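Welcome! Keep the picture open as you read.

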Amino acid sequence: MVPVLDIDALIGNPQTCIIVCCGAGGVGKTTTAAALGLRAAESGRRVVVLTIDPARRLAQSLGLTTLDNTPRPVKDIDDTRGGSLDAMMLDMKRTFDEVVEAHATADKAEQILANPFYQAVSSSFAGTQEYMAMEKLGQLRLEADRDPDNPRWDLIVVDTPPSRSALDFLDAPKRLGSFLDGRFIRVLAAPAKAGGRAYLKVFSAGVNIVTKTLTKVLGGQMLSDVQTFVAALDTMFGGFRKRADHTYALLSDRTTTFIVVAAPERDALREASYFVDRLDEEGMPLAGLVVNRMYRVSAPGLSAARALGAAEELGDQERDSSSGVGTSDVSERTAITQGLLRMHAVQAEIADRHESLAKRFIAGHPGIPIVEVPAASGDIHDLVGLRTVGDALAGQ
């Protein structure tokens, strides 16, 4: 028997302090995270939802006109049980700026923030978004822990970046930490002092970070800007790897749990499979899998083949009972019934395919708790829709 992911038990457990919703892009992570946050808040938890989705659907669903790097309260939730809900959207560059401002003197921070090389790196370096999501998670956890007796939040729900590969989320902290730690800065500094040509040769061949976009942004001032950047950042980020390791450790803490979100499609479930295996390798706690947007039919006992057969039979009966009437004069009622039967057949075929793919995943990962969420009839754009998704997540 396949274990069921008990969402209400998960969000109701006070030991659950961080829920990370992860998976491939376009599978409904944002909606899942928002629905989990709303359900937890209305059950009495003090929740903050952090999203990285650039489509900003979360803001619309939560009724917020703006969603930025500052947690903002969500209105019109049911707070009769004492819960609350804040929401925010990651501003990648602003979060990077906050790290600089928090760990450098005012003068040095100003110098770093104004540096063109820093501005390009903080906005476009591969992995920055994923790392800054973890940086912001660490900041939120620190703020929540500031007053243990009366924390601002007792649950943080994270919607992970829409990366090409879900594994980027786990790799980014170490990758960006390696880029900005003291040893790498020394690699940058040595060729920079040797001169422009030597620097550019080492930088492009050995480090391979400067992209066409970065070169275009920096232009002829690249060498000078990099030297200034390295000099300003050298002392501040000497322990950047330690920060990355600390943030990464937060993911494997017993108060953190992962929910892998997938759609009932081959590629999405393949990504989910990779992620489940990777979480197991890293020893990170997996709560279970959400298979989102599963097709359901109102008459599951009527197969696609039977529906199509019934549609054809209706047409034959109509023609047989209409003496002297051409086949084009089939009654309107029969035509409508035939159309509904054929529509059911299409939906039944999709539902069967979704169920088959889900079963294949289950067979390959026995013992992982799973909950299936039916496909919504339209876009989720308000709290009512999010509550409906929350009910489905809870198996209701």
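A residue counts as buried when its relative accessible area is under 20%, as exposed when that area is over 50%, and as partly exposed in between. Please remember that this is a predicted model.

**The chain as a whole**

- The protein chain holds 17 helices and 8 strands.
- It has 396 residues, and 48% of them count as buried.

- Asp76 sits in the loop that links strand E3 (72-73) to E4. Is Asp76 buried or exposed? Its relative accessible area is 70%, so Asp76 is exposed.
- The backbone of Asp76 is worth a look too: its phi is positive, about 70°, although Asp76 is not a glycine.
- Asp86 belongs to strand E4 (residues 84-89). Asp86 has a relative accessibility of 9%, and therefore counts as buried.
- Which residues does Asp86 touch, leaving out those up to four places away in sequence? They are Val47, Val48, Val49, Pro71, Arg72, Pro73, Val74, Arg152 and Trp153.
- Arg293 is part of strand E7 (residues 286-294). Its relative accessibility is 38%, so Arg293 counts as partly exposed.
- Arg293 is not a glycine, yet its phi is positive, near 65°.

**Helices H14 and H16**

- Helix H14 (residues 266-282) and helix H16 (residues 332-364) have axes that come within 11 Å and cross at roughly 15°. Because of that angle, H14 is roughly parallel to H16.
- The crossing of these two helices, H14 and H16, is right-handed.
- On the H14 side, the contact involves Arg266, Leu269, Ala272, Ser273 and Val276, while H16 brings Leu357, Ala358, Arg360 and Phe361.
- Sorted by class, the contact of H14 with H16 has 6 nonpolar residues, 1 polar residue and 2 charged residues.

**Helices H2 and H17**

- The axes of helix H2 (residues 29-42) and helix H17 (residues 383-393) come within 8 Å, crossing at roughly 85°. H2 and H17 are therefore roughly perpendicular to each other.
- H2 makes the contact through Thr31, Thr32, Ala34, Ala35, Leu36, Leu38, Arg39 and Glu42, and H17 through Leu383, Leu386, Arg387, Val389, Gly390, Asp391 and Leu393.
- How many residues of each class take part in the contact of H2 with H17? There are 8 nonpolar, 3 polar and 4 charged residues.

**Helices H4 and H5**

- Helix H4 (residues 92-103) packs with helix H5 (residues 106-113) at an angle of about 150°, and their axes are 8 Å apart. This angle makes H4 roughly antiparallel to H5.
- H4 passes H5 in a right-handed crossing.
- Asp97, Val100 and Glu101 of H4 meet Ala109, Ile112 and Leu113 of H5.
- By class, the contact of H4 with H5 has 4 nonpolar residues, 2 charged residues and no polar ones.

How values were computed: Residues are numbered from 1 along each chain as its sequence is written. This is a predicted model: local features need pLDDT of at least 70, side-chain atom pairs count only at pLDDT 80 or more; totals for chains, interfaces and linings use all residues. Side-chain values use heavy atoms; hydrogens and water are left out. Axes are lines fitted to C-alpha atoms, for helices over the stretch in contact, and angles run from 0 to 180 degrees between N-to-C directions. Helices (H or I, at least four residues) and strands (E, at least two) are DSSP runs, numbered from the N terminus. Angles under 35 degrees count as roughly parallel, over 145 as roughly antiparallel, 65 to 115 as roughly perpendicular and the rest as oblique. A crossing is left-handed if the near helix is turned anticlockwise from the far one by less than a right angle, and right-handed if clockwise. Contact means heavy atoms within 4.5 Å. Ala, Val, Leu, Ile, Met, Phe, Trp, Tyr, Cys and Pro count as nonpolar, Asp, Glu, Lys and Arg as charged, and the others, Gly among them, as polar. Buried means under 20% relative accessible area, exposed over 50%, partly exposed in between (1.4 Å probe, protein chains only).
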